[in-house]
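Hello,

Here is the structure I promised to pass on, with my notes below it.

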Amino acid sequence: MDLSANHSTRIWRAMIGFVVASFLDFLMTDALLSRSVNDHGFQFVESNPVAAYFLNVGGTVGLAGFKIAMVAVVTASCRIIAVKRLIAARRILDFAAATGSSVVIYSAGLAIQYHL
């Protein structure tokens with residue numbers, strides 16, 4: 001397998017990783033936001049102000065639309081970047097997937113901590 005084919009395969013894996021992390025982020029966000037934590041006197045809120053706007057305006061559907069749009073923008077941008085700089089595009093997607101995964105792990109930790 002030549003170098004470009006290897007990077008091409010890796011960019012697709014990175015893209016899939018980013019999409020999966022984004023989907024899990026949405027699921028975890030929805031799960032946390034839909035449960036009040038009355039025992040502790042607070043309720044979870046969306047900390048991203050842009051996502052919070054779409055959540056407030058459109059509810060769960062608005063938040064899903066925002067998340068889908070962000071995935072589409074990032075993946076489309078990386079596809080364009082990959083034409084000239086395949087490795088850079090893969091690294092961007094790897095970073096995006098890692099960031100999304102860390103949010104999912106943090107959210108899972110909150111869910112465990114508060115017995116949700």
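Read along the sequence, the chain runs α-β-β-α-α. In total there are 3 helices and 2 strands; helices (H or I, at least four residues) and strands (E, at least two) are DSSP runs, numbered from the N terminus.

A word on where the values come from. This is a predicted model, so local features need pLDDT of at least 70 and side-chain atom pairs count only at pLDDT 80 or more, while totals for chains, interfaces and linings use all residues. Residues are numbered from 1 along each chain as its sequence is written, and side-chain values use heavy atoms, with hydrogens and water left out.

**The chain as a whole**

Of the 116 residues, 34% are buried (buried means under 20% relative accessible area, exposed over 50%, partly exposed in between, with a 1.4 Å probe and protein chains only). The chain exposes about 7,500 Å², and carbon and sulfur atoms supply 65% of that area; the areas come from the Shrake-Rupley method with a 1.4 Å probe, and for residues only the protein chains shown count as cover. Among contacts (heavy atoms within 4.5 Å) with a separation of 6 or more, 65% join residues 24 or more positions apart.

**H2 against H3**

Two packed helices are described by the angle between their axes and the distance between the axes. For helix H2 (residues 49-84) and helix H3 (residues 86-113), the axes come within 6 Å and cross at roughly 155 degrees. Axes here are lines fitted to C-alpha atoms, for helices over the stretch in contact, and angles run from 0 to 180 degrees between N-to-C directions. H2 and H3 are therefore roughly antiparallel (angles over 145 degrees; under 35 is roughly parallel, 65 to 115 roughly perpendicular and the rest oblique).

Which residues in H2 and H3 meet? From H2 they are Val74, Cys78, Ile81, Ala82 and Lys84, and from H3 they are Leu86, Ala88, Ala89, Ile92 and Leu93. By class, this contact has 9 nonpolar, no polar and 1 charged residues. Ala, Val, Leu, Ile, Met, Phe, Trp, Tyr, Cys and Pro count as nonpolar, Asp, Glu, Lys and Arg as charged, and the others, Gly among them, as polar.

**Along H3**

The 28 residues of H3 should span 40 Å at 1.5 Å a residue, and the end C-alpha atoms are 40 Å apart, which agrees; the expected span is 1.5 Å times one less than the number of residues. The buried residues of H3 are Ala89, Arg90, Leu93, Ala96, Ala97, Gly100, Val104, Ser107, Leu110 and Ala111.

Ser107 counts as buried because its relative accessibility is 7%, and Ser107 touches Met28 and Leu32, leaving aside residues up to four places away in sequence. Ser102, also in H3, is partly exposed at 40% relative accessibility. Ser102 and Asp25 are 77 residues apart in sequence, with their C-alpha atoms 9.3 Å apart in space.

**Other spots to check**

Arg10 sits in helix H1 (residues 3-33) and is partly exposed, with a relative accessible area of 34%.

Just after H3, His115 takes a positive phi of about 55 degrees. Leu116 belongs to the segment after H3 and is partly exposed, at 39% relative accessible area. Leu116 lies 7.5 Å from Arg35, C-alpha to C-alpha, and the two are 81 residues apart in sequence.

Best wishes
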